Amino acid sequence: AEERFKHLRAALGEGVVGLVHGQMPPAEKDAAMAKFVSGETSVLVATTVIEVGVNVPNATIMMIERAESFGLAQLHQLRGRVGRSHHRAYAYLITPPQKLITADAEKRLSAIESIEDLGVGFTLATHDLEIRGAGELLGDEQSGQIQEIGFTLYTQLLERAVDALKSGRMPDIDAPLAKATEVELGTPAILPSDYVDDVHTRLILYKRIANAKTGEELDQLRVELINRFGLLPDPAKHLFDATACKLRCEVLGITRLESSASGGRIVFNDEPDIDPGALITLIQKSPNEFRFDGKNTLRFSADLEDPEQRLDYVGNLLDKFSLKEAA
């Protein structure tokens, strides 16, 4: 900072440039800031010491050198030091050539560039979490119950206990966790690398798709991907179709659905939420196509070579089981 200060002072003249950094005595810092606020100096050279608690309405231009070395929150705080009045303000982030910038630094710069609206704290924190990771909360340095059973299982148990207490029940700590529904439609169901080329972005999108709770959430994600990356290729369509099918199976009490070119099977839990009359009628009308295999498994045989035909067949089958359809 001092070298930059000397260079600018020589170029612009004595008394035009001020200097503030963390090693200065408090009185000198206060005096330098007072001169800048009053307009006695028109240029202020500073370190990150100015990122917090500085309000200078007449400051309209900021230049951040080596912006790639700052954290996302730091850049957000520094940028907020200008534009604090009705005057238009500009913050310039100066970086080395792109080939000298790390991938994470490039993500931070892209994130700060894309966030312009007021009240973006949560969005900023989300970007930071995606870039840097979640730290010890999800890392190896766990302790207590989380260390013993893992973060995911711990949060599932906690969520189940909270839901039980909210509904006025005591949590049943001996009840097993519900087994996740599995859907296999026998078709590639992925986000291809030539559609979403960044691995980090693909992983985030896979997580968001898998965590969708309703068909509406899934449709919103589908629209978002089309807007960001273009029309969905077939493997991406199949991924959304399989996830939508999984959501329907969860509602009906189906723990596993498999389908291939020649048929498949459906495995129900012990108390499925289906129309039993429709299931019996289905088997009676088409005994060559449908049959029970054990207590909870329904097998079906059909020519389903085409993936789209396979999806339609499975969807119609789920419609027949649905109590809402029966009503």
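Reply: What follows goes from the whole chain to single contacts, and the model is a predicted one.

Me: Overall first. How many helices and strands are there?

Reply: The protein chain has 13 helices and 9 strands.

Me: And how much of the chain is buried?

Reply: Of its 327 residues, 31% count as buried. The accessible surface is about 20800 Å², with 53% of that belonging to carbon and sulfur atoms.

Me: What share of the contacts with a separation of 6 or more is between residues 24 or more positions apart?

Reply: Such residues account for 59% of those contacts in the protein chain.

Me: Strands now. What does strand 6 pair with?

Reply: Strand 6, residues 254-260, pairs with strand 5, residues 182-184, in the parallel sense over 3 bridges. Strand 6 also runs antiparallel to strand 7, residues 263-268, with 6 bridges joining the two.

Me: How many residues are between strand 6 and strand 7?

Reply: There are 2 residues between them, and the two strands form a hairpin.

Me: Charges next. How many salt bridges does the count give?

Reply: The count comes to 11 salt bridges. One of them joins the side chains of Glu182 and Arg256, at 2.1 Å from N to O.

Me: What else does Arg256 meet in a salt bridge?

Reply: Arg256 also meets the side chain of Glu258, with N to O at 2.4 Å. Glu258 is partly exposed too, with a relative accessible area of 22%. Through shared partners, the salt bridges join Glu182, Arg256, Glu258 and Arg265 into one network.

Me: Which residue forms a salt bridge with Arg208?

Reply: That is Glu224, with the closest N and O atoms 2.8 Å apart.

Me: How accessible are Glu224 and Arg208?

Reply: Glu224 is partly exposed at 23% relative accessibility. Arg208 is partly exposed as well, at 34%.

Me: Switching to helix 11. Which of its residues are buried?

Reply: Helix 11 covers residues 276-285, and its buried residues are Ala278, Leu279, Leu282 and Ile283. Seen down the helix axis, they fall within an arc of 135 degrees, so they line one face of helix 11.

Me: Why would a helix put positions like that on one side?

Reply: An α-helix has 3.6 residues a turn, so residues three or four places apart point the same way.

Me: What is on the other side of helix 11?

Reply: Pro276, Gln284 and Lys285 are exposed there.

Me: And what does the buried side pack against?

Reply: The buried residues of helix 11 pack against strand 7, strand 8 (290-292), strand 9 (297-301) and helix 12 (307-321).

Me: Aromatics. How many pairs does the search find?

Reply: It finds 3 aromatic pairs in the whole structure. One of them is Phe300 with Tyr313: the ring centres are 5.4 Å apart and the planes are at 40 degrees, so the pair is tilted. Phe300 lies in strand 9 and Tyr313 in helix 12, so the pair ties together parts that are 13 residues apart in sequence.

Me: Are Phe300 and Tyr313 buried or exposed?

Reply: Phe300 is buried, with a relative accessible area of 2%. Tyr313 also counts as buried, at 16% relative accessibility, given that the cut-off is under 20%.

Me: Last one. Where is Thr243, and what does it touch?

Reply: Thr243 is in helix 10, residues 234-252. Thr243 counts as buried at 11% relative accessibility. Leaving out residues up to four places away in sequence, Thr243 touches Ile209 and Leu218.

Me: How far apart are the C-alpha atoms of Thr243 and Leu218?

Reply: They are separated by 8.1 Å, and the two residues are 25 residues apart along the chain.

Notes
Residues are numbered from 1 along each chain as its sequence is written. This is a predicted model: local features need pLDDT of at least 70, side-chain atom pairs count only at pLDDT 80 or more; totals for chains, interfaces and linings use all residues. Side-chain values use heavy atoms; hydrogens and water are left out. Helices (H or I, at least four residues) and strands (E, at least two) are DSSP runs, numbered from the N terminus. Buried means under 20% relative accessible area, exposed over 50%, partly exposed in between (1.4 Å probe, protein chains only). Contact means heavy atoms within 4.5 Å. Accessible areas come from the Shrake-Rupley method with a 1.4 Å probe; for residues, only the protein chains shown count as cover. Two strands pair if DSSP finds at least two bridges between them. A salt bridge is a side-chain nitrogen of Lys or Arg within 4 Å of a carboxyl oxygen of Asp or Glu. The arc is that of the directions from the helix axis to the C-beta atoms. Rings of Phe, Tyr and Trp (its six-membered ring) pair if their centres lie within 6.5 Å; planes under 30 degrees apart count as stacked, over 60 as edge-to-face and the rest as tilted.
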